[in-house]
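Welcome! Take a look at the structure first, and then we can walk through it together.

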Amino acid sequence: MKHNRRNFIRTTGLASIFGLSGIKTAAAMNPTKNQPVARGLQLRFKPFELTLKHAFTLAGSSRTTTPVMLTELEYDGVTGYGEASMPPYLGESHETAARFLASLDLAQFKDPFQVEKILDYVDEAAAGNCAAKASVDIALHDLLGKLMGRPWYKIWGYDPALTPNTSFTIGIDSREVVLQKVKEAAPYKILKVKLGRDNDKAMIETIREVTDVPLCVDVNQGWHDRQAALDMIYWLKEKGVVFVEQPMPKTALDDMAWLTQHSPLPTIADEALQRLDDVQKAHGVYAGINIKLMKCTGMREAHKMINLAKALDLKVMMGCMTETSCAVSAAAQLSPRVDWADLDGNLLIANDPFVGVQVVDGKVVLNDWPGIGVKLRNSSL
């Protein structure tokens, strides 16, 4: 199937595809006959299913696919690409994303450089829908970068030499599969290990049989006793772990503050942090934050979150979901400003339709392509 405008969901077909009859659609324009009307932003979107190379297992779930919504935002013949990645625990889906995106009237905006006005409108259109909102934000940034002929890291004035190494994620699995994943991750200088079940020490010891690279761990709220968590962190430090992500439930604020105060390793907020208002709340409870475009509505807010976190002396990690190179490359534009990166979501899938940011010898390497730095892999999706 050729990738062209007709392949992306258009407003005329939404009702039959998603049962969205009666909803005002994104491209609906009814100009008066014979009256010229300047075309504004044109939004198109299409559902896509990511296939993971391995089952992705966390403390409380496991999956082999991730639904995404691919977006296009066109202005004056130039197209920007965006993406909403929607792992089930976030509460978004193809249907909710289509419903939200179809409700937007972006054609009213004749000047794509009115970024704050456009994205404020998108954010206020409905509560939630953060990944869907991020798909518009990313596409708008890609479009604007192309119109300016510059990648966003240059527009922001960031030095591409300062990009960090990215971690490569090792999900919870059997000993044999863990060893296989570690072998595949040989080029990476740091591994991110998922913990939070009853085999945490076995996971670490298995990995340490075959590699001595630094590790970080993501517990996904899997620990519930603060003293046991502290004892485990001391053990992890001896095993070469450099930080611990979301060790306890996001609601356990007092226990987390105590753990952070006593921990020999930095603690990083993930599930406890979503948007800009949460950065201040994390101060004094965690040592750092993990920012993800799909949770914070995109590049505009992530940029603000980084600046606030730096002002509060919080460590910053730029993370991702399982995503295509589109969203990962968008997040990578911000990576020269962060302490750590976990930008491997595109490396975990088998059907990436984009080419973008690269990882060379474990390091995030930005290209000079304008916008977010992506191109379609081929002419079909």
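Let's begin with Arg 44 and Glu 72, whose side chains form a salt bridge with an N to O distance of 2.9 Å. This is a predicted model. Arg 44 belongs to strand β1 (residues 42-57) and Glu 72 to strand β2 (residues 62-75), so the bridge ties together parts that lie 28 residues apart in sequence. Both Arg 44 and Glu 72 are buried.

## A pair between two helices

Next come Lys 304 and Glu 116, which meet in a salt bridge at 3.7 Å, N to O. Lys 304 sits in helix α12 and Glu 116 in helix α3 (residues 115-124), so this pair links distant parts of the chain, 188 residues apart. Lys 304 is partly exposed, at 36% relative accessible area, and Glu 116 is partly exposed too, at 40%.

Because they are four residues apart in helix α4 (residues 130-148), about one helical turn separates them. Lys 146 is partly exposed at 23% relative accessibility, while Asp 142 is buried at 0%.

Salt bridges with shared partners join Lys 192, Lys 194, Asp 218, Glu 245 and Asp 342 into one network. In total, the structure holds 23 salt bridges.

## A buried loop residue

Where is Thr 297 found? Thr 297 lies in the loop between α11 (293-296) and α12 (299-311). With 9% relative accessibility, Thr 297 counts as buried. Beyond its neighbours within four places in sequence, Thr 297 has contacts that include Asp 123, Cys 130 and Arg 275.

How values were computed
Residues are numbered from 1 along each chain as its sequence is written. This is a predicted model: local features need pLDDT of at least 70, side-chain atom pairs count only at pLDDT 80 or more; totals for chains, interfaces and linings use all residues. Side-chain values use heavy atoms; hydrogens and water are left out. Buried means under 20% relative accessible area, exposed over 50%, partly exposed in between (1.4 Å probe, protein chains only). Contact means heavy atoms within 4.5 Å. A salt bridge is a side-chain nitrogen of Lys or Arg within 4 Å of a carboxyl oxygen of Asp or Glu.
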